[in-house]
Amino acid sequence: MRHLAALRLLGLILALFSLFVLATPPANAEYADVVLNRNAEKNGMRPVVFPHWFHRIRFRCKVCHYELGFKMRVGSNDVTMSGIIDGKFCGACHNNDIAWSVEKCDLCHSGKPGLPTGIVGGNETSGPGRW
Amino acid sequence: MQVSIFRADLPRLIRLAATALALAASCAASAGQWVPLDKDGVHDRKGPAIKQLQQPQEALSKLTPDTTGNQVRWVDALDKGEIAPREKLRPETKVRVLDQDILLNLKGGMPIVRFPHRQHTLWLDCSNCHDQLFKQQTGGTKISMFNILQGEQCGVCHGAVSFPLTECFRCHSIPRGKPGDEQPAKGGP
């Protein structure tokens with residue numbers, strides 16, 4: 001009888017564990033994806049998802065983080081649509097010349113509503129630091 | 001007695017085994033594969049972009065593979081010419097690359113750190129690290145894993161966008177007590 005009880009308990013624990021694993025949406029975002037939502041949702045748009053992987057295939061880090069002046073800390077850059085339209089930050093490329101223009105709102109504003117600003121993703125890592 | 005208990009629990013055991021297999025499969029699926037955008041937890045599945053944006057798998061599966069981060073060896077991909085990212089937007093911008101190795105952590109317990117300027121300046125400009133994060137003089141800045149794990153110093157990038165802090169020996173790469181410890185090693189990553 002003891003065996004039976006132990007097996008039942010084991011089954012319950014495994015079932016709960018699998019439920020937890022299957023029911024919790026894991027942070028599956030691609031490593032170094034950045035969510036920008038300081039202004040977006042306040043102005044009725046989805047948050048912006050910036051994929052580092054997509055951009056670094058095409059540009060070295062120094063293009064944005066040196067030439068364009070993006071500081072390397074999420075939240076430390078005041079990225080606004082008026083700035084972008086004036087050619088600052090994303091607007092240096094997203095001007096229908098190098099990349100799609102600001103009229104294609106939804107391609108950048110593609111995030112799930114309610115996401116906080118931050119760097120997400122993390123295959124094999126979820127560091128404790130502030131990024 | 002033992003046998004009868006076993007029989008009674010056979011279906012349960014089979015269910016358990018199936019659950020365990022499913023769990024193992026879901027863990028295995030996360031290695032060497034990239035999550036589609038509609039399942040990544042950050043993109044809005046209902047948004048119009050989901051069908052238009054490039055999937056990570058399409059772009060990243062063609063590059064030199066890694067076991068972590070974006071699952072791409074970005075420096076190798078660059079060195080092998082698999083990618084050709086632009087160095088500048090403005091013609092007048094000066095592109096600076098430095099081929100010089102710095103050895104760090106000479107007295108610690110872990111293997112010595114070889115910091116290769118070449119791989120870093122292929123991607124970054126000098127001013128991204130100097131002199132805000134690190135003084136230019138070797139030994140001028142006290143570097144610690146405590147700071148790095150807090151997202152400072154090397155941890156500004158490593159653990160956020162470049163290979164993560166789980167990969168200790170990519171930086172701590174020179175074993176102690178070998179001839180040539182005193183001289184900066186030259187060569188590949």
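Reader: What makes strands E1(A) and E3(A) a pair?

Author: In this predicted model, two bridges join E1(A), residues 33-36, to E3(A), residues 118-119. Pairing requires at least two bridges, so E1(A) and E3(A) count as paired. The two strands run antiparallel, and Val35(A) stands opposite Gly118(A).

Reader: How do you know that E1(A) pairs with E2(A)?

Author: Four bridges join E1(A) to E2(A), residues 48-51. The requirement is at least two, so this is a pair. E1(A) and E2(A) run antiparallel, with Val34(A) opposite Phe50(A).

Reader: Which way do the residues of E1(A) point?

Author: Asp33(A) and Val35(A) point one way, Val34(A) and Leu36(A) the other way, and all are buried.

Reader: Why is Phe89(A) called partly exposed?

Author: Phe89(A) has 18 C-beta neighbours inside 10 Å. Buried needs 20 or more and exposed 12 or fewer, so Phe89(A) falls in between and is partly exposed. Phe89(A) is in the loop between helices H4(A) and H5(A), and its phi is near 45°, a positive value in a residue other than glycine.

Reader: Why is Asn105(B) called partly exposed?

Author: Asn105(B) has 19 such neighbours inside 10 Å, and the cut-off for buried is 20 or more, so Asn105(B) counts as partly exposed. Asn105(B) lies in the loop between strands E1(B) and E2(B), with phi near 60°.

Reader: What makes the peptide bond between His130(B) and Asp131(B) cis?

Author: Omega of that bond is about 0°. Most peptide bonds are trans. Asp131(B) lies in the loop between helices H5(B) and H6(B).

Notes: Residues are numbered from 1 along each chain as its sequence is written. Chains are lettered from A and ligands numbered from 1 in the order in which they are written. This is a predicted model: local features need pLDDT of at least 70, side-chain atom pairs count only at pLDDT 80 or more; totals for chains, interfaces and linings use all residues.
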